[in-house]
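Q: Hi! Could you walk me through this one while I have it open?

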Amino acid sequence: MTLALTVGVLVAGAVYLMMQRGLVRVVLGFVLVAHAANLTLMAAGGTDRRGEPLGQQPDPATTADALPQAFVLTAIVIAFAITIYLLVLAAAGREDDDTDGPTGGDMGGTDVGPHLGEVSTVGAGTSRGAADAEDPHEGEDPDEEMRHRDDVTGVPS
Amino acid sequence: MILLVLVVLTAALAAAAPALARAMGRDAGLVLAGGLLALGLTLGISAPWTLGETVDFSVPWLPVLDVALRLRLDGLSLAFGLLVLLVGALVMAYSARYLGSGPCSAFYGLMVFFAAAMLVLVLADDLVLLFVAWEATTLCSFFLITLSGPAGQQPAVRTLLLTAGGGLALLAAVATTVVATGTTQLSQALASPVWSEDPLLASTVALLVMVAAFTKSAQFPFHSWLPDAMAASTPVSAYLHAAAMVKAGIYLLLRFSSTFADVPVWYVGLVGVGLLTALMGALYAMQRTDLKALLAYSTVSQLGFLVATTGIGTSYAVTAAVAHTVAHALFKSALFMLVGVVDHQAGTREIPRLRGLRRAMPVTGVAMAVAALSMAGVPPLLGFISKEKMFAALLEFPGPTWAGVLAGGVGVAAAVLTFAYSGRLVLGAFGGPAEEEPAEGLRRPREAAPSFLVPALVPAAAGVVLGLWGSAVAPLVTTGADAAAGATTTGRGSVTDADLSLWHGLNPELLMSATAIALGTVLVLARHRVDRALVGRRLFPLTGVGVVEGFRTGSIAAGARVSALTGSDAPRRHLAVPLVVLLVLAGVGLTQLDGLPTPQADLTRGVDWLLLALVVVGVVVVVRATSRLGALVVVGLVGFVVALWFVVLGAMDVALTQLLVEVLTVVVGVLVLRRLPRHFAPAPRHRTVGAAALAVGAGAAATAAVLAMTGRRGLSPAGEFFLARAEEETGGTNVVNTILVDFRALDTFGELTVLGIAGVAVVAALSSRRLLPDRAPRTWREGSPVVSPGESAVVARTLARVLAPLTLVVSLWLLWRGHDAPGGGFIGALVGAATLALLFLVARSDSSAPVKVPAALLIGAGVVLCVAVGLAGLVVEGSFLEPFFIDVGDSYVTTALVFDVGVYLTVVGVVVVALQQLGGVLLPGTGPGEDEPEHRMALEEVLDRKESAALAPSSEGAGPGQEQSGQERSGLERSGLERSGQERSGPPGGADGSAGRERTTGGAAR
């Protein structure tokens, strides 16, 4: 019960983060969903037996299933490696990690929300190249301004 | 064998053509013409001229699929093969004078390759080979049309669309035939009894073959490409229209004629579409003023005749079709080449602009008249004989008499128009006052050189000779028609002898010919009035080219619309799709839940609720966080709680791993975040609501799934086995570790490889895209110890000096004891990596941080070590990665430990990669070391203009010469330099000079 709820909370938080603009939040969502997946594996092993699978002749009646633990252990490390890679992607390139930035995202920077299929189709097939060639400061939205303000304010002196 | 030699030689000629053309220029055409002529003569000599005899050849190609390079020469192949090679030879010789002095290697190469493809097509006795050759001709024509330059590109694409579409129909026909008849051999498949047993199958394949042939032979409604393809140069058109491309469709129809002659779809479709096309093409030809366009539509019309006659299917009709194929090849190649001569000499081929050619170019005029009369069906030319035979064939239309009369009537109507446009062609070019001056901007035409004219005169003259001396071509037509009518395979009556004489007595077809000529003459005499009525008038609201172009642009637009649905860079669009699908699946799954086992007792304990509460708090804080750093830290804390979960669930190894990974994730995350804005971009409300709704749904579904699908069974048999046998089998008492390195070592090895690749991918990604510059706040008070890494980390650095050796030892100890107690390669490595991270964090500067281990070497060594252990297991125990024991004194070591060392090395390597790449560590041999001015330069380059403007004036040694060297450095060095220069060097916003001073003192301290 508690483990199932924990998984649910983690998944909810992860999905919320993944639906955001910045890649960093998407990566954090990925970290949370990895936790959720790992705990689901642990749940599959059963939470009624919680003894550590260590030592000589562990009692099968009270000892936890070791197989999901082995799965989870490697899964954690793999998720870590993927997280590193995703974080690197967030910090690489010319723009910051905002995936809706003026040179990418929703083709021309129009924000149409998380609803599927609701994409601006104005010149969709050809606008990508044109958008890339555009002045990166064209079509700045309030968010963009906000990010610029970040740089200026920083920590108060 | 002779067939293979012929095909190979033609292909070799095609391969040699470009080199020949480079060496000889346009004169290469003469050599190639000689080659094709020789090949044609060889084909003629080696051919079986007796009824039913064939030459066969076969080598296996894809034996599993029964596909073979089967070649078969029968009468039909012979007729078409000779046309391909001999007309090809004429066109090549013509090209040698037609082409300019420009490069022509592509032209010659493609033309001869075209001939080779056509030859294979007509010789193929394998359905797959037939299809391949068919597609090769499609591609050849496409490339030949594009050769004519930008004007040819749109027509070439339209041609490809139509003909390749027809190729798909042929592919479907081939596949269906192979499946239905169980053989890929064409002759066997055609003779198969399934066609008569299954009328639906026969109709389907007949329809597919028809569609394929209609696209290739430009029949309605696919006729538009042929006039469109006129954009190609004249030799290409001559070959395309006379012997190659369009004749492939006719060949296909004739080849399948014996099989489908009795299928209603076949004969009704062929006769109907053929006659419609004949009439329509002729009508369009009447409207053209461009001689070449006129000829193009005349080809459409003549092909219509051929298709209709083939559709009749009787042996007489097939004879007529073969005869007219030969006649058409002769007069059409002559006409195209002669129009090319006119174009070349007079500078135009527009009828209104052509003047005075009658006197200036008499030979050309006579030749064109002769060829055109053959096309018009005037005796004593070959075209008369073949057309008359076609009239007679049309009257034989299977079905009621009125249908035959109707078919014949339409045929005569088309022939009337044929006569009329033939007259327009000749009189339009050579009629009119002979003395008139040429139209403005054109030179005075002269007769062309003999070498230019001869290739065009030959087929025109052949039309006369063969018309008068029909018995010369009769054997070819006879054997061809015999093969097409299937005299040998289906037992139909043999043609015995195609009577190609001029006079057969008074009969209906003579009357039809006379009518056509008489009415045609009337139209020619009234040609000025007819022209006024027809030229430039739009007869139908749609044009074929318009329809094809509409389809082309429409499909591109539709594709753009479809791709726009997913064509976004925003990850959430791509992530939302599977999430929504999963939610739907979960919803469906909930309704199907039934009869689940009761849950086990004691699944939940008191402490769980505390952990749940902590996770809830953490997640709520994370999703509400506005600062990137805050969110990262809280996610790390959530990870700690998850580690606690593992502890209470009895998974100590997992908990340790989780804990260490969380620490390292935060370290790596911080290295990334300093290059990004502090705060997240605020999201609009509607998105927040949408994301929250999806999140709640997903969370609920996940909870429901875990509740429904877990905790309802006892220990799994596998789990029981591991608990019971781990020590006995492996000597280890840490069951989790024994699973990782003993029982499931191959899995672990795979996962290790994923780790290594992730590490390599990080390096690869950053070698192609630079990291963003640092955004560290620059408004700290000057002189604050916080801004000086050298001073602010004194305590930590001192501590690290003591701790680092200790933790390194612990790390190795964890690795060592992992088999029996919590620890192992993963955990030990993470502790070691955490030590390196600590050393990195307390270092005086990024560039000097002591994590200069060659990371790629670590990763590679780890993977290689694991492979070596695996191979050792293979050798000693007979199974890859199976561990074994090595005695060391009175103790022993298991190779699983060595495997774990490999794990250790790889994991450490991945973390070191992250620290080095993101942390700006200067690796030995890659950077300029402590070269101060270059530091400043690299810094300047990466800052945006505003910032550098504030910095530059007082920066020392930033000369233009060094700027150059700064720009040439690799992104890797630069990312390291810019960071060391920018962040660790002090408060650039405060005082410009202080940055340089800080570096200097830093250097002195070192």
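Predicted model: local features only at pLDDT ≥ 70, side-chain atom pairs only at ≥ 80, totals over all residues.

Q: Staying with H12, is Thr259(B) buried or exposed, and why?
A: Thr259(B), which lies in helix H12 of chain B, counts as buried because it has 24 C-beta neighbours inside 10 Å.

Q: And what is Thr259(B) in contact with, leaving aside its neighbours within four places in sequence?
A: Those contacts are with Leu190(B) and Trp195(B). Leu190(B) sits 69 residues away along the chain, and its C-alpha atom is 5.9 Å from that of Thr259(B).

Q: Switching to helix packing: at what angle do H6 and H24 of chain B pack?
A: The angle is about 85°, and the axes are 10 Å apart. That makes H6(B) roughly perpendicular to H24(B). For finding them on screen, H6(B) covers residues 153–181 and H24(B) covers residues 544–566.

Q: Which residues in H6(B) and H24(B) meet there?
A: From H6(B) you have Val157(B), Arg158(B), Leu161(B) and Leu162(B), and they meet Val545(B), Val548(B), Glu549(B) and Arg552(B) of H24(B). By class, that contact has 5 nonpolar residues, 3 charged ones and no polar ones.

Q: Nice. Now the contact between the chains: how many residues does it take from chain A and from chain B?
A: Chain A contributes 101 residues and chain B contributes 122 residues.

Q: Which helix of chain A gives the most to the side that touches chain B?
A: That would be H3(A), with 21 residues. At least two residues each come from H1 (2–18), H2 (23–45), H3 (66–91), H4 (124–133) and H5 (142–153) of chain A.

Q: How does that side of chain A divide by class?
A: There are 55 nonpolar, 29 polar and 17 charged residues on the side of chain A that touches chain B.

Q: What ipTM and pTM does the predictor give the complex?
A: The complex gets an ipTM of 0.72 and a pTM of 0.64.

Q: And what is the mean pLDDT of chain A?
A: The mean is 71 for chain A, with 61% of its residues at 70 or more. Among the elements of chain A, H1(A) has the highest mean, 94, while H4(A) has the lowest, 38.

Q: Where in chain A does pLDDT stay under 50?
A: Look at residues 102–157 of chain A. The model has 90 contacts beyond four places in sequence for that stretch.

Q: What about the mean pLDDT of chain B?
A: Chain B has a mean of 82, and 87% of its residues reach 70 or more. Confidence in chain B is highest in helix H27 (residues 628–648), at 94, and lowest in helix H42 (residues 992–1005), at a mean of 37. Residues 488–494 of chain B are below 50, and beyond near neighbours in sequence they have 16 contacts in the model. Residues 927–1006 of chain B are also below 50, with 122 such contacts.

Q: What is phi of Gln57(A) near?
A: Phi there is near 45°, a positive value in a residue other than glycine. Gln57(A) is in the loop between H2 and H3 of chain A, and it is exposed, with 12 other C-beta atoms within 10 Å.

Q: And where is Asp66(B) found?
A: Asp66(B) is in the loop between strand S1 (55–62) and strand S2 (67–73) of chain B. Its phi is positive, about 60°, although it is not a glycine. With 15 other C-beta atoms within 10 Å, Asp66(B) is partly exposed.

Key. Residues numbered from 1 in each chain as written. Chains lettered and ligands numbered in written order. Axes fitted to C-alpha atoms, helices over the stretch in contact; angles between N-to-C directions. Helix = DSSP H or I, 4+ residues; strand = E, 2+ residues; numbered from the N terminus. Parallel < 35°, antiparallel > 145°, perpendicular 65-115°, else oblique. Contact = placed C-beta atoms within 7 Å. Nonpolar A, V, L, I, M, F, W, Y, C, P; charged D, E, K, R; others polar. pLDDT = per-residue confidence, 0-100. Buried ≥ 20, exposed ≤ 12 C-beta atoms within 10 Å, placed from the backbone.
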